[in-house]
Amino acid sequence: IADQGEVVRRLKVEKSSKDQIDVAVKTLLTLKSQYKERTGQEYKPGRSPVPNPCNSSASPTSGTTDFSTTECQSLYDRIAGQGEVVRRLKAEKASKDQVDEAVKRLLSLKFEYKEETGEEYKPGHPPVNKSSSSPEITNMEVNNDSSDETSLYKKVTDKGDEVRKLKAEKAPKDKVDAAVKELLQLKAEYKSLTGTDYKPVAAASIDDKDKKKKEKDNKSEKQNKQQKQGEGKKEASKEQGSSLSSNGGQGEGQAPKKQTRLGLEAVKEENLADWYSQVITKSELIEYYDVSGCYILRPWAYSIWEAIKVFFDEEIKKLGVENCYFPMFVSQAALEKEKSHIADFAPEVAWVTRSGKTELAEPIAVRPTSETVMYPSYARWVQSHRDLPIKLNQWCNVVRWEFKHPQPFLRTREFLWQEGHTAFATYEEAAEEVLQILDLYARVYEELLAIPVVKGRKTEKEKFAGGDYTTTVEAFISASGRAIQGATSHHLGQNFSKMFEIVFEDPKTPGEKQYAFQNSWGITTRTIGVLTMVHGDNMGLILPPRVACVQVIIIPCGITNTLSEEDKEALYKKCTEYLNRLRNVNIRTRADLRDNYSPGWKFNHWELKGVPIRLEVGPRDMKNSQFVAVKRDTGEKLTIAENEAEPKLKDLLETIHVNLYNRAAEDLKSHMVVANTMEEFQKELDSGKIVQIPFCGEIECEDWIKKTTARDQDLEPGAPSMGAKSLCIPFKPLCELQSGAKCVCNKNIAKFYTLFGRSY
């Protein structure tokens, strides 16, 4: 491996052809893979392979096993001790450097423990001696293990058949969910017993040719494959798919059925991260990309963004805002002009330093936001009060080179947004617009996405860098017990106008220069991630009707071998008729007339994609001049007369939006509480709630709250937040602050109730 590494480096230095380098790299990766297989360890330069002491299979007489177990136990105890050190330092409000150093030491010990034992450190789970303490294993023990394994395998298979049967019979959603949950538990037991994932016999024996055909037929399977290439870590295990026909004949459902893994394999309540990753890929919202933190927005996701764009664009134009476009590049001098502003963004700024092989004389930044790009132009355009107000908005992308564990939509290195930048002659005009825009953001969430939000003002610590004050809408995701910032509207005061000399002459004070008052405001594609997490369930995405690319999906049913070609054509014609009728009344509709998929497969596919209404029509429905409508949000089935299609479906779409909003509002209401002491606050926070507490507003106090509420598990890489942070000072708090009330720090007088919580 070391030699092959040298070969790769030499080829790169010599600027060899890409093909040569690729071949050498491929050889290097193969060698590393072989190394890992043989040693059970990753290859590390300068470190020769060492045996794993805690998994050693040394004989009982050698004394090695006892010694190794002692070593591992010692390491385990040192981690526990270091955890206590971290907690004590936080409780004592030690300096950040001290706490950081202790945390670094803790993480280092945990890493060392994992290296030695092959397992994550878990409090209360000391290392187990995995060595073979007795070489004599009786035939009875082996046979018992084998018998248990066979019995459990059969249970999993039977439960899988039961799930498929329930789906085929279109059983109630609750019944299907319960069966799926039992299936997952059985699979987990099987993996625990055997050390391998359960694999159905049919799936295990399928040959390469059939595999290729399956991948071609099953789009979702192809998507899952692409996700694996991007992430390299998702393993298919849950049989939530339906069946699909593999014959090319006229009817559907006659050929032997093959298992697919169209559905989700993770449960939202058990593993939110895996569930989220599967939903956004299998519902075809995104595809992973080969640059970390960047993602491909597929049409299903982009259409949601377009719906938001159409609504918001129309509303801001009523306020006199015009659209424009400024370059994505900004000079170093311009970016660094507002010191406090750039200090906040500095770690995230991406710099262009080279053109081809030539170093640039001065590095150029890719915009993290556009204040410093746009305001030099504002300074040139504004001379008199008659040139104000300036109200501009641009729809564009920005780059923030985020290193904190990227998550699609929620935290990405590149994202789409709109950013509005306005300038006014008076403070009052600017302050009025801040709230007008905030109300529009709240309407985007509530009227389009069916998500309730809390409106408020950010604390001094959390406000926009360089601004006067920041207002925000905050949403809540109960599955994780965390809040998420929805959109912000900033009052910049005169800070930027003084920096960039945006001045005008006021006729009331002749000869005296006045600085403009400015605002900036933005909403991003993060909205799509919030929508997914708030409304999605274990069947997949649930799209609110007003942003759904497809509001109604029409699926023909009852096509069998006994159905004549004439009747089949009539059924397809009826589906097309419904399609045209619904489109004529502006209901976004598609008909799935593909004859290589069964109705059951299509039901699962469109449920996963979150289409609000499924319209089923079969030969019997045609004779009775009716159809069946199935609501995605509840699974409820309704039989509707053919001549009432348009008004009934419009009403249903509205009902679905209201139901989704009410469900989310009830969720927010039950998870947002008041606490007046630190003990109450910590208890509510740890139960997955966001909490309004009396707060003095001091930055030092907020830092203390964040440190005090940090949990050990949040020290792991990728944790969304180390502790609770302020979300906003709500415009409408849950209760009024009593005169003389103390802040939760118990030192200062509280100024207002402030909403705190763990946050993305």
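**Before starting**

The model is predicted, so that local features need pLDDT of at least 70 and side-chain atom pairs count only at pLDDT 80 or more, while totals for chains, interfaces and linings use all residues. Residues are numbered from 1 along each chain as its sequence is written, and side-chain values use heavy atoms, with hydrogens and water left out.

**The whole protein**

The protein has 23 helices and 25 strands; helices (H or I, at least four residues) and strands (E, at least two) are DSSP runs, numbered from the N terminus. Of the 760 residues, 47% are buried, a term that denotes under 20% relative accessible area (1.4 Å probe, protein chains only). The accessible surface comes to about 37,900 Å², and carbon and sulfur atoms contribute 50% of it; such areas come from the Shrake-Rupley method with a 1.4 Å probe. Among contacts with a separation of 6 or more, 68% join residues 24 or more positions apart, where contact means heavy atoms within 4.5 Å.

**The open sheet and its helices**

Select β17 to β21. These strands form an open sheet of 5 strands in the order β18-β17-β19-β20-β21, with mixed pairing; two strands pair if DSSP finds at least two bridges between them. β18 (589-591) and β21 (637-641) are the edge strands with a single partner each, so one side of each has no neighbour in the sheet. From one strand to the next, the twist averages 25°; axes are lines fitted to C-alpha atoms, for helices over the stretch in contact, and angles run from 0 to 180 degrees between N-to-C directions.

Within the sheet, β19 (residues 613-617) and β20 (residues 626-631) are antiparallel and share 4 bridges. I613 has K631 in β20 as its bridge partner.

**Strand β10 and its partners**

Move to β10 (residues 414-424), where 9 of the 11 residues are buried. Strand β9 (residues 390-399) runs antiparallel to β10 and is joined to it by 10 bridges; K391 stands opposite T422. β10 also pairs with β16 (residues 517-524) in the antiparallel sense, over 8 bridges, and E419 stands opposite G522.

Select α14 (residues 371-381). The helix is largely enclosed by the rest of the structure, because 8 of its 11 residues are buried; Y375 and Y378 are among them. Y375 and Y378 also belong to one aromatic cluster with F326, W381, F496 and F500.

**Aromatic pairs**

Show the rings. The structure holds 18 aromatic pairs: rings of Phe, Tyr and Trp (its six-membered ring) pair if their centres lie within 6.5 Å, with planes under 30 degrees apart counting as stacked, over 60 as edge-to-face and the rest as tilted. One of them joins F681 and F756, whose centres are 6.0 Å apart and whose planes stand at 75°, so the pair is edge-to-face. F681 lies in helix α22 (residues 678-686) and F756 in strand β25 (residues 752-757), so the pair ties together parts 75 residues apart in sequence. F681 has a relative accessible area of 0%, and F756 is likewise buried at 0%.

**Charges over rings**

Finally, select W300 and K609: K609 lies over the ring face, 4.1 Å from its centre. A charge sits over a ring if NZ of Lys or CZ of Arg is within 6 Å of the ring centre and within 35 degrees of the ring normal. R614 lies over the face of F603, at 4.0 Å from the ring centre.

Key
Buried means under 20% relative accessible area, exposed over 50%, partly exposed in between (1.4 Å probe, protein chains only).
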